[in-house]
Amino acid sequence: MLEKIEGFFDLCKARGLTGEQGVLIPQANLKHLMLREDVVQAVADGRFAVYAVSTVDEGIERLTGVPADEIHRRVEARLEGFAGQARAFAQSAGKKPWRTATKK
């Protein structure tokens, strides 16, 4: 993981650090993280960020700036839309709509 963080930092530095670039890491890995001094300094200067997250939802919120429950609602609505389109397509083709499997 260390090589990935530093590699991404190097790429960002070559393209120009804006203060908006950063990485997400699992909170559990934070205590073992040992980064090069230039990465540590960039973080201290606010030119790069290392965000430690405890949950996937926390990571979603960090990446999007939107509460995770709102993202989940949007995804569910989109999936329901796809399912509705699939049912409509199946019906227009004279086939039975898709159904979930049931136990007999």
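F48 has a relative accessibility of 2% and therefore counts as buried in this predicted model, since the cut-off for buried is under 20%. The ring of F48 pairs with that of F9, with centres 5.1 Å apart and planes at 85 degrees, so the arrangement is edge-to-face. F9 sits in helix 1, whereas F48 belongs to the loop between helix 2 and strand 2, so this pair ties together parts that are 39 residues apart in sequence. Like F48, F9 is buried.

A search of the whole structure gives 2 aromatic pairs. F8 and F48 also pair, here in a tilted arrangement, with 6.3 Å from centre to centre and 50 degrees between the planes. Helix 1 (residues 2–15) carries F8, while F48 lies in the loop between helix 2 (37–44) and strand 2 (49–53), so the pair ties together parts that are 40 residues apart in sequence. F8 is partly exposed, at a relative accessible area of 32%. Taken together, ring pairs join F8, F9 and F48 into a cluster.

The chain contains 4 helices and 2 strands, and their order along the sequence is α-β-α-β-α-α. Among contacts with a separation of 6 or more, 59% are between residues 24 or more positions apart. Of the 104 residues of the chain, 19% count as buried. The accessible surface comes to about 8,100 Å², and carbon and sulfur atoms account for 56% of that area.

How values were computed
Residues are numbered from 1 along each chain as its sequence is written. This is a predicted model: local features need pLDDT of at least 70, side-chain atom pairs count only at pLDDT 80 or more; totals for chains, interfaces and linings use all residues. Side-chain values use heavy atoms; hydrogens and water are left out. Rings of Phe, Tyr and Trp (its six-membered ring) pair if their centres lie within 6.5 Å; planes under 30 degrees apart count as stacked, over 60 as edge-to-face and the rest as tilted. Buried means under 20% relative accessible area, exposed over 50%, partly exposed in between (1.4 Å probe, protein chains only). Contact means heavy atoms within 4.5 Å. Accessible areas come from the Shrake-Rupley method with a 1.4 Å probe; for residues, only the protein chains shown count as cover.
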